[in-house]
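This briefing concerns helix packing and backbone geometry in a structural model. Please examine the sequence and coordinates before reading on.

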Amino acid sequence: MTLVGELSLWIALLMGVWAVTLSFAGGWMRREDLIISGERGLYATAGFVGLASVGLWTALITSDFSVKYVASYTSANLPTIYKISAFWGGQAGSMLFWCLILAGYGAAATFTNRSKNRALMPWVTGTNAAVLLFFVAATVIASNPFERLEWIPPDGRGLNPQLQNPAMAIHPPMLYLGYVATSIPFGFAIAALITRRLDAEWLGAVRRWALISWVFLTLGITLGMWWAYIELGWGGYWMWDPVENASLLPWLTGTAFLHSIMIQEKRGMLRKWNVVLVVGTFLLSILGTFITRSGIIQSVHSFAQSNIGAWFAWFLVLAIGVTVWLVSIRLKDLESKAELEAMISREAAFLYNNLVLVGIAFSVLWGTLFPILSEAVRGTKITVGESFFNAVNVPLGLLLLALTGIGPLIAWRRASVANIQRQFAFPAFLGLLVGAVLFVLGIRKLSPLMAWGLSGFVTGTILQEFYKGIGARMRMHGENVLFAFVNLVARNRRRYGGYIVHAGIVILFAAFAGMAFKQEHDVTFADGDTFKTKDPFGREWTFTSEGISRFKALNRDVVAVSLRPTVDGVVQPVLTSEKRQHFDTRGNPTFQEATEVGIMSFARQDVYLVLAGTVGDRAEVRINFNPLVAWVWIGGILMAVGGLIVMWPQEERQRQGGYRTELQPQHAEAATV
Amino acid sequence: MSLDRREFLVGLGGIATALAVRGVGAQQQPNTANMQQDAYRAVFLPAKAGATPQLDNLQRDALEKQLKCQCTCVLDVYTCRTTDFSCGVSPAMHRDVIRLVSGGYNADEIKQAFVDVYGEVALTAPVKEGFNYVGYFAPSIVLATGGIILTMMLRRWSLNAKVSAPVAAGLANSVPAGTTDAELERLQRALREEEL
């Protein structure tokens, strides 16, 4: 099966060349037979990439240690689930995984558009096939997962213990599904530029793909935070690591696009900007991959050194060059109507929202790449860490949160003074009330106070929108609250799904602000020792050591410390943290010791226990009180759910009427009445 | 036109080469995924005469959060040493910090001592001086510039709309010029009800 896999990958490479050549030739010569052959070439490429993937999975599951990749990332005693997830645990496998997703997406995009967008499709198929061809070529030539060893080792090296975690089994696939989906809108953008069909047609086709990308990136980033929190043991979930940043960049520009696309749909404006955002999102995905794989920037997530970085550098330059050239020769076609009836309008709010999102993306990219720039200019290595990113991005984040609440309150085209007063009254009141109550309760830190106050404001906006919508449905259709809510969302998924996303954002920001009140305690425990402290909410906690235990588990030696907590005298479940030393089938240690943290999760806070190490019968631990962390996961999931609602197919006739409703002159309305 | 394209391609090739060389250079760097346990270098200064500690334990911990562990884990010294006993670098750096605190040095002096030995990479954030200001201020400048440009564009677009409004007034899907606030309110209501 390994041989079949490797052969399939080579055939996929040839099929990719076929698909690219025939699709572009068919588009150029307008020959349907070539176009169809190119599409079939893409399906065949997808099929062979799929077969290659089955080959690698088979090698991993059957522990075929003659394959270098299998020997490098698995061992015979590795649980099967992690043998499966080892597919994306290393450089070469993750490249093939990328190919697999890209092939699937490319085939799906071609298949679902086979009877529409016919003028665009040869170029879309050709571009998607070209991107796929690059990845297949890079995989086969520079990072082949089927490379053999000259001898067969008795056991493999095993999978990094930090990757032996359920979150890590699903977090990379989610991120890859998000990253790779950005290539389909890129294909449509290139096709639209080539064919000069730059009206709303191509946007309609890419919107769903942009949403697919956004939803998966949201899930991937949230799962990544969860994995970092439960696995890395440093007590937080986001450290502005370059690879974390790389995942955030396309999410930010993708979010900007999902807002600005509405302006082009409704007003025919921002054609150039939308092309820039679509292409930029794709390029940032590739840049993220380059950062992860080239070793150019120091990161805990980096793959082992490899020569794949140069491939991505060339690809980035080529993609930027082609896009810049196409945009430059299509500038006239990208001209759009530039009229705005008023400065205070939803269009303007969306544009400021775009500015802030892209501004955050720039600052994150800048901070990530600044060490390289500094070294190039001054010859001095520097570190750009959490304090830099927080200093720059916290104010921008708060501004973005404010705009999340402001945008929906302002009418499209032009907002009247009366409209603004009425719309802002309740949300502004709620925001001020939340801020005032928290101030009275003793919160004095400015950033969290602002974050929670603004969260109150945005919550007010969302509640008001739902209240009005539900109320109107109850009046018009005689529905009860629940049915009115469900039908309201179902009837206008884009709008109310969007509000659910905004609710997720509010929860996320409120939870982020909670970490400003994090408490850390470093404690040494002998068996039976007790430690007393107060949490950020003023409750008294007592931790009593139940001692250190040492035992063997499936593929590891474990040292564990257990603490019995009580809160205000009420006994809680035992909290345990472990140090794990993994070993192979011959008992040889593999990798460094890994920490398993103990987490007791409540709505208010997490109690987070880290065993730093043991000295004799004494355990050195860190106990953290991390406020509101559980809400980070809830916020992330809610955002993804909102995204799914927005994305869910809806009959054309059910879609928002928008400006199709003409304003009736007052006398005409009076006459009708 | 052909000259422009040639120039374009030459420029493109130049950028590609620069980036590719950069990428190849990066391959020669050590694997960043593995911790460099030999990265520690002693940071030592003689104790000041009649030295008394200038920092209490909390201030010392805060200082260690501004010093980066050199084992490539990307954590600060405090976080690394208190959560990962497999790292030998952060405890050694911690011992240096304790010695310098006992020697009567304040936080700035201790940070400078680490910078003298490791370079600026010893700090978790760039020092606010010289070229580093570009790092700190570029995002704000870019955003402010973007904000000014966007505001100017919006103003121009709104002026365009006022000029062309009489033409557009008769077209469907648009709001006639001179529409009153009350009429706009009715329009919003009508749109909302249509959505429902």
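The model is predicted: local features require pLDDT of at least 70, side-chain atom pairs count only at pLDDT 80 or more, and totals for chains, interfaces and linings use all residues. Residues are numbered from 1 along each chain as its sequence is written, while chains are lettered from A and ligands numbered from 1 in the order in which they are written.

**Helix α2 of chain B**

- Helix α2(B) spans residues 57-64, and its buried residues are B:Arg60, B:Leu63 and B:Glu64 (buried: 20 or more other C-beta atoms within 10 Å of the residue's own, with C-beta atoms placed from the backbone; helices are DSSP runs of H or I of at least four residues, and strands are runs of E of at least two, numbered from the N terminus).
- Viewed down the axis of α2(B), the buried residues fall within an arc of 100 degrees and so line one face of the helix (the arc is that of the directions from the helix axis to the C-beta atoms).
- These buried residues pack against α3 (77-83), α4 (89-102) and α5 (107-118) of chain B.
- The angle between α2(B) and α4(B) is about 135 degrees, and their axes are 11 Å apart (axes are lines fitted to C-alpha atoms over the stretch in contact, with angles from 0 to 180 degrees between N-to-C directions).
- B:Arg60, B:Leu63 and B:Glu64 in α2(B) meet B:His94, B:Val97 and B:Val101 in α4(B) (contact: C-beta atoms, placed from the backbone, within 7 Å).

**Helices α8 and α9 of chain A**

- Helix α8(A), residues 183-195, packs against α9(A), residues 200-232, at an angle of about 165 degrees, with axes 8 Å apart.
- That angle makes α8(A) roughly antiparallel to α9(A) (over 145 degrees).
- Among the residues in contact are A:Ile184 and A:Phe188 of α8(A), and A:Trp202 and A:Trp209 of α9(A).

**Positive phi in loops**

- A:Asn117, in the loop between α5 (91-112) and α6 (121-142) of chain A, has a positive phi near 50 degrees.
- A:Asn117 is buried, with 20 other C-beta atoms within 10 Å.
- A:Asp568, in the loop between β4 (556-567) and β5 (570-571) of chain A, has a positive phi near 50 degrees.
- A:Asp568 is exposed, with 9 other C-beta atoms within 10 Å (exposed: 12 or fewer).
- Most residues other than glycine have a negative phi.

How values were computed: Two residues are in contact if their C-beta atoms, placed from the backbone, lie within 7 Å. Angles under 35 degrees count as roughly parallel, over 145 as roughly antiparallel, 65 to 115 as roughly perpendicular and the rest as oblique.
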